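Hi,

Here is the structure you asked me to pass along. Have a look at it first, and then read on for what turned up.

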Amino acid sequence: MANRLRPEIIITGAGASGLWMGYHLINHGFKGKILFIDQNLYSRKGKNWSFWAKEDEEISKFASFSWDTLLFETPKVYKEFPIAPLKYFTVRSSSFEGFMLHFLKESGQTEFVEDEIIEVLGNGTAICKNNTYQAEEFILSSIYDLEHIQKEARSFLWQHFYGRVIEFDQPVFKENVMGFMNFEIPQTHGIDFIYTLPFSDRMALVEYTIFSKDLLEFDEYAKAWDQYIKKTFKSEYWVLEEEFGKIPMTDFRFPYRKEKILYIGTAGGHVRGATGYGFKNMYHETQNLALKIISGKVPNQPFQSKTRHDFYDSVFLKVLKTHPNPYEIFESMFTKRNPKDVLKFLGKEGSLLDDLKIISACPPIPFIKALFGK
Ligand SMILES: Cc1cc2nc3c(=O)[nH]c(=O)nc-3n(C[C@H](O)[C@H](O)[C@H](O)COP(=O)(O)OP(=O)(O)OC[C@H]3O[C@@H](n4cnc5c(N)ncnc54)[C@H](O)[C@@H]3O)c2cc1C
């Protein structure tokens with residue numbers, strides 16, 4: 001089929017990174033036309049994206065909920081830690097998408113097409129099931145080939161989770177305390193922990209999270225989740241929402257650019273290999289890219305530049321795969337160091353010296369073995 005239009009920019013995938021990308025381009029004064037292509041624009045399942053930030057950072061205005069204290073638990077440790085001046089924020093995807101779609105449509109520069117992308121070519125063509133589109137300048141692509149990543153990566157783990165938003169008939173949660181990692185559950189499937197976001201003293205998103213090589217059968221997630229809830233809470237509750245997610249945790253070397261294609265989001269390596277956090281990083285990375293596009297200074301490099309954080313992630317992933325009790329690594333970090341510094345480390349916001357302080361809190365033998373490939 002013939003091209004319908006020739007926009008300056010095509011954004012393939014109108015998910016978190018695609019929408020951030022469009023937002024920053026328009027916000028920073030890009031004047032061209034932008035075409036979004038996504039296979040699912042109108043019947044999306046809700047997600048919750050969380051991150052930590054200072055309240056005055058722009059990204060925090062997109063959040064629906066925030067907490068000033070995090071809780072870290074293992075069989076040996078119960079540690080509530082205030083994180084001021086940071087807060088832990090959660091963005092509900094429905095309200096984020098609602099804001100973004102309104103903002104982007106209002107600009108008069110955007111068009112949205114629902115279609116399945118078959119292939120994106122370096123010359124700026126997006127070949128879709130129902131049509132073919134051509135970008136004048138760039139295709140910003142958040143579409144990736146999972147099989148290729150799994151084949152090429154030296155380390156690959158899934159972070160997979162099953163959660164439900166539940167409401168109890170009486171107060172059971174501390175409203176200001178977000179359950180960051182609770183390892184006080186059987187380590188049955190890999191590295192298993194519970195993540196709890198209280199939306200009120202009765203309502204929360206409770207997620208059963210696993211880091212492991214393989215995914216589970218779907219009903220096993222619900223079973224593990226039920227067991228935790230039954231053991232922990234004695235009150236009646238109602239299920240309001242359900243969420244399932246899987247995030248690649250990998251040291252795969254993600255591409256940056258192939259001719260007219262610029263990679264964003266998970267496809268561009270914006271999700272941190274060792275943690276699965278990426279939402280806030282996508283905000284910054286897409287903003288940097290928008291400024292480069294507008295100023296005509298996009299580097300012609302094929303891969304994302306390697307940083308010391310990529311090196312840490314690669315070693316850390318190996319340790320997680322091989323250590324008999326990997327949660328002890330997190331336990332060492334959170335008990336021997338100031339948890340706020342651990343967040344800085346996990347968010348790539350510390351100096352080299354800060355990083356070394358956190359790394360030196362971890363048991364050395366597994367890291368030495370991982371470094372020498374054992
Ligand atoms: C359930 C869930 C919860 C997460 N929670 C957090 C969190 O709390 N904090 C955090 O930092 N990170 C989180 N992440 C990790 C990461 O931030 C998200 O996955 C984020 O959505 C990734 O953004 P993205 O743009 O790369 O991909 P997506 O947001 O998944 O967007 C990709 C878009 O491309 C479309 N698409 C895919 N293939 C095609 C195709 N062939 N044709 C057309 N369209 C296509 C999809 O419909 C989708 O809209 C979470 C991930 C998941 C899955």
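**Hairpins and sheets**

Strand 9 and strand 10 make a hairpin with four residues between them, and Gly124 in the turn has a positive phi of about 100°. Before I go on, two housekeeping points. Residue numbers start from 1 along each chain, following the sequence as written. The model is predicted, so local features need pLDDT of at least 70 and side-chain atom pairs count only at pLDDT 80 or more, while totals for chains, interfaces and linings use all residues.

On the wording: helices (H or I, at least four residues) and strands (E, at least two) are DSSP runs, numbered from the N terminus. Two strands count as paired if DSSP finds at least two bridges between them.

Strand 9 (residues 117-120) is joined to strand 10 by three bridges, and the two run antiparallel. Glu119 sits opposite Ile127 of strand 10.

Put together, that is an open sheet of three strands in the order 9-10-11, with antiparallel pairing. Strand 9 and strand 11 are at the edges with a single partner strand each, so one side of each has no neighbour in the sheet. From one strand to the next the twist averages 20° (axes are lines fitted to C-alpha atoms, for helices over the stretch in contact, and angles run from 0 to 180 degrees between N-to-C directions).

Buried here means 20 or more other C-beta atoms within 10 Å of the residue's own, exposed means 12 or fewer, and partly exposed is in between, with C-beta atoms placed from the backbone.

There is another open sheet of three strands, with the order 3-7-4 and antiparallel pairing. Its edges are strand 3 and strand 4 (65-67), each with a single partner strand, so one side of each is left without a neighbour in the sheet. Neighbouring strands in this sheet are turned by 25° against each other on average, direction ignored. Strand 4 pairs with strand 7 (residues 86-92) over three bridges, and Ser66 has Phe89 in strand 7 as its bridge partner.

**Around the ligand**

What comes nearest to the ligand? Of the 28 residues around the ligand, it is Gly13, Gly15, Ser17, Gly245 and Gly265. A residue is near a molecule or strand if its C-beta atom, placed from the backbone, lies within 6 Å of it. Helix 1 (16-27), strand 3 (48-54) and strand 17 (237-250) each bring at least two residues to this shell, and strand 3 gives the most, with four. By type, the shell has 10 nonpolar, 14 polar and four charged residues. For that count, Ala, Val, Leu, Ile, Met, Phe, Trp, Tyr, Cys and Pro are nonpolar, Asp, Glu, Lys and Arg are charged, and the others, Gly among them, are polar.

**Domains**

The domain assignment gives domain 1 (9-42 + 93-151 + 251-295), domain 2 (156-249) and domain 3 (308-371); the bounds come from an automatic or database assignment. The centres of domain 1 and domain 2, taken over C-alpha atoms, are 30 Å apart. Seven residues of domain 1 are in contact with five residues of domain 2, where contact means C-beta atoms, placed from the backbone, within 7 Å. The side of domain 1 that touches domain 2 has three nonpolar, four polar and no charged residues. Domain 1 and domain 2 each supply at least three residues to the shell around the ligand.

**Two residues to look up**

Glu114 is in strand 8 (residues 110-114) and counts as partly exposed, with 15 C-beta neighbours inside 10 Å. Leaving out residues up to four places away in sequence, Glu114 touches Asp38, Gln39, Leu41 and Tyr42.

His284 lies in helix 5 (residues 279-295) and is partly exposed, with 15 other C-beta atoms within 10 Å. His284 and Asn27 are 257 residues apart in sequence and 13 Å apart in space, C-alpha to C-alpha.

Cheers

Technical notes:
Two residues are in contact if their C-beta atoms, placed from the backbone, lie within 7 Å.
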